Amino acid sequence: MVENLTHRKNVYKAGFIAIAINLCLAAFKITIGLISNSLAIMSDAIHGVIDTLSGIIIVISEKLGSTHKFKKNHEKIEHYGALLIAAIIIIVGIHLLIESIESVIEPEQPEYSAPIIIILIISIISKFILGRFLRSTGQKVHSDTLIASSVETINDSIISSAVLLSALIYLVWHINIESYISIIIAIIIIKHGLELIFPHFSKHHH
Ligand SMILES: [Zn+2]
């Protein structure tokens, strides 16, 4: 019983650290997305906000799952809550997808500067370190939730690297691949929404 309690405390602690870091990074990215007029950075920022939201749902549902005595009732609340958030995520994803497809035809010209590139690099490194931390904590306390979100976080750092790459390609060759990166991010966001509705869909991969 005591071991179980320490286990949960570690999961919460790691969850809160992940939420705080993701929230900070999303705020930074929204800011530089607006400054640079970059669709790819904005999409990456929206993805960050959505992952933070999903993280909050995971922590709340783990908390409810451990404290609520009327399990049937709690499952109902959790189920409808998750469905509502999932619907919002899917709508945001579809909206972004349409906007990204439109920008293939009529791309906006982003304006990058050194501080924007530096913030992108910092965000990639922090996501990667956060992913490693979540994985080691997840393995230590045997939490599938933490291990799953560590995989997600490391994948996110790869997506952010693609955003950085598109910025560098634009700076060096003036080729704009931002819209295509945004399309990929929009599809990932829609997938996140679907995974919230059909959790078994993603769990079967383990
Ligand atoms: Zn994600």
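Okay, a definition to start: when I say helix, I mean a DSSP run of H or I with at least four residues, numbered from the N terminus. With that in hand, look at the end of H4: the helix is followed by His142, and the phi of His142 is positive, near 55°. One thing to keep in mind is that this is a predicted model.

So, let's stay with H4. This helix covers residues 114–141. That makes 28 residues, and from the first C-alpha to the last H4 reaches 41 Å, close to the 40 Å you'd expect at 1.5 Å a residue. Which residues of H4 are buried? You'll find Ile116, Leu120 and Ile124 among them, but also Lys127 and Gly131.

Now slide along to H5, residues 144–173. Here we have 30 residues, which should span 44 Å at 1.5 Å a residue, and the end C-alpha atoms of H5 sit 43 Å apart, so that agrees. The buried residues of H5 include Leu146, Ile159, Val163 and Leu164, and also Glu152 and Asp156. After H5 comes His174, again with a positive phi, near 60°.

Anything over 145 degrees counts as roughly antiparallel, so that's what H4 and H5 are to each other. Their crossing is left-handed. And what's in the contact of H4 with H5, by class? There are 13 nonpolar residues, eleven polar ones and three charged ones.

How values were computed:
Residues numbered from 1 in each chain as written. Predicted model: local features only at pLDDT ≥ 70, side-chain atom pairs only at ≥ 80, totals over all residues. Axes fitted to C-alpha atoms, helices over the stretch in contact; angles between N-to-C directions. Helix = DSSP H or I, 4+ residues; strand = E, 2+ residues; numbered from the N terminus. Parallel < 35°, antiparallel > 145°, perpendicular 65-115°, else oblique. Left-handed = near helix turned anticlockwise from the far one by under 90°. Nonpolar A, V, L, I, M, F, W, Y, C, P; charged D, E, K, R; others polar. Expected span 1.5 Å × (residues − 1). Buried ≥ 20, exposed ≤ 12 C-beta atoms within 10 Å, placed from the backbone.
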